[in-house]
Amino acid sequence: MQYKDYYAALGVARDASEEQIKHAYRKLARKYHPDVSKESDAEAKFKEVAEAYQTLKDREKRAAYDQLGTHRPGEDFRPPPDWQQQWQGPFGEGSAFGEQVDLGDLFAHLGAGFARSAGGRGGRAQMAMPGRDFEVAVPISIEEAYGGTHIDLDLAMPEYDEQGRLRPVPQAFRARIPRGATQGQRLRLAGKGGRGFNGGRNGDLYLDISLRPHPVYRANGHDLYLDLPLAPWEAVLGTAVEVPTPGGAVRLKVPAGTQASQQLRLPRRGLPRPHGEPGDLYAVVSLVLPREVGERERALYQELATASNFKPRAHLAEEGSHAH
Amino acid sequence: MRIELNEVIWLEAETLSFDELLERSGLPAQLLKELVQAGGIPPLDPSAAQPQYGARALMVARRARRLQQDFELDAAALLLVLDLLDRVAELEGRLNELQVKLPRRAS
């Protein structure tokens, strides 16, 4: 079994008071709780913190944990010989203390073990227990959202064995992500969570879809946006350009007089919806200028400057004249 | 090794009764009742005799269970946190909507 330092996880001393443990937990929970945190590894960090707190906040569990002694985090260790007799939990049999047992699972079920073992051995055997539900984050690319995909999941699910002992069982399976799942979509895999025990239903696995950033497209729901830089003359005179879409490149007509930051809509070229019309794709126009111009170009710009009576700052001049 | 391909269920494709919502969320019954009565977890059709709940209700209820368990919150505090998280999500949605419309490359 691998040792975990629960005191270090909470950043408290081994002789910390219950109050100090609670304070440390609350502070870290606010920082790392996956429902409120924006930290990138919030979920894993919170799991560590919560696991530590669940054990240390309970006097009996904390005493049991302290008796394991101190080891280096991750060090493989075996509990002292009399530990099991004293803290007889669901892992009663000696064989249960293999390397596979997770310390967190052990302590999570220690309390349940106390309660049941008080009423005699084998209490767990009569009780149906539902498997746990799990949520996993599934980042996919915009192309995968467009065309649908499948993902391979490698998870370690805590499961009860025939003796009602909990141990992590590696589960590998493939799930189909249907077309049209976009940012924030939740999908459910029925019965793929933790396995139920003694007739209890299997838990579910929830997939939390997010879209990975894309070099060309930006997604808003099922609509996609991309940048369309135009040269000034293209915007003034109009043109036709080829733009990429997830379904393949298309020709887009840019009307004469197109303005910067205008959005040109390509209907139904965004992400498909599970039901109903696909989203749209918008080309967001920006005007770009050459950094350097040749002599001939400069002459033409000069001619344009002389010939044009376009006043781009007319509204500022008007504002200025009101002030006097 | 042959890997079994599993089909997913769109959460939107399902509607749940109160009891199913209770089971799937893992919330204590009394707390779920309070959250529903206070409007924190709205049914699909509030006027229905046997209200049904949709995907959103399930996600809110599961979030409520996590928050209640991890922060030891009561119903009033939970409702406040759920409301605020909802507003954060709405504002982030609007921010994203504005950001996608801005050209990314300043030329």
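Okay, housekeeping. The model is predicted, so local features need pLDDT of at least 70 and side-chain atom pairs count only at pLDDT 80 or more, while totals for chains, interfaces and linings use all residues; side-chain values use heavy atoms, with hydrogens and water left out. Residues are numbered from 1 along each chain as its sequence is written, and chains are lettered from A and ligands numbered from 1 in the order in which they are written.

Let's start with the interface. On the B side, 35 residues are in contact with 50 residues of chain A, contact being heavy atoms within 4.5 Å. How big is the area buried between chain B and chain A? About 3900 Å², with carbon and sulfur atoms giving 50% of that. Buried area here is the accessible area (1.4 Å probe) that two parts lose on being put together, summed over both.

Now the polar side of things. The rule finds 19 residue pairs in polar contact across the interface, both residues at pLDDT 80 or more. A polar contact is a pair of N or O atoms within 3.5 Å; within protein, one must be able to donate a hydrogen and the other to accept it, and residues adjacent in sequence count only if both atoms are side-chain atoms. On chain B, β1 (5-7), β2 (9-10), α1 (18-25), α3 (55-71) and α4 (75-101) each supply at least two residues of the side touching chain A. Helices (H or I, at least four residues) and strands (E, at least two) are DSSP runs, numbered from the N terminus. By class, that side of chain B has 14 nonpolar, five polar and 16 charged residues. For the classes, Ala, Val, Leu, Ile, Met, Phe, Trp, Tyr, Cys and Pro are nonpolar, Asp, Glu, Lys and Arg are charged, and the others, Gly among them, are polar.

So, salt bridges. We call it one when a side-chain nitrogen of Lys or Arg is within 4 Å of a carboxyl oxygen of Asp or Glu. Over all chains the search finds 30, and across the interface of chain B and chain A there are twelve.

Have a look at Glu72(B) and Arg26(A): their closest N and O atoms are 3.7 Å apart. That pair crosses between chains, from the loop between α3 and α4 of chain B to helix α2 (residues 18-32) of chain A. Glu72(B) is partly exposed at 41% relative accessibility, and Arg26(A) is partly exposed too, at 40%. For the cut-offs, buried is under 20% relative accessible area, exposed is over 50%, and partly exposed is in between (1.4 Å probe, protein chains only).

Next one: Glu135(A) and Arg66(B), at 2.9 Å, N to O. Here we go from strand β1 of chain A to helix α3 of chain B. Buried or partly exposed, which is Arg66(B)? Buried, with a relative accessible area of 16%, whereas Glu135(A) is partly exposed at 21%.

Then there's a bridge inside chain A, Arg186(A) to Asp208(A), at 3.7 Å.

Four strands make an open sheet in the order β1(A)-β5(A)-β4(A)-β2(B), with mixed pairing. β1 of chain A and β2 of chain B stand at the edges, each with a single partner strand, so one side of each is left without a neighbour in the sheet. Strands pair, by the way, if DSSP finds at least two bridges between them.

Walking across: β1(A) and β5(A) (residues 205-211) run parallel, joined by seven bridges, with Ala137(A) opposite Asp208(A). β4(A) and β5(A) run antiparallel over four bridges, and Leu189(A) has Leu205(A) as its bridge partner. Then β4(A) (residues 186-189) pairs with β2(B), antiparallel, over two bridges, and Arg188(A) is partnered by Ile9(B).
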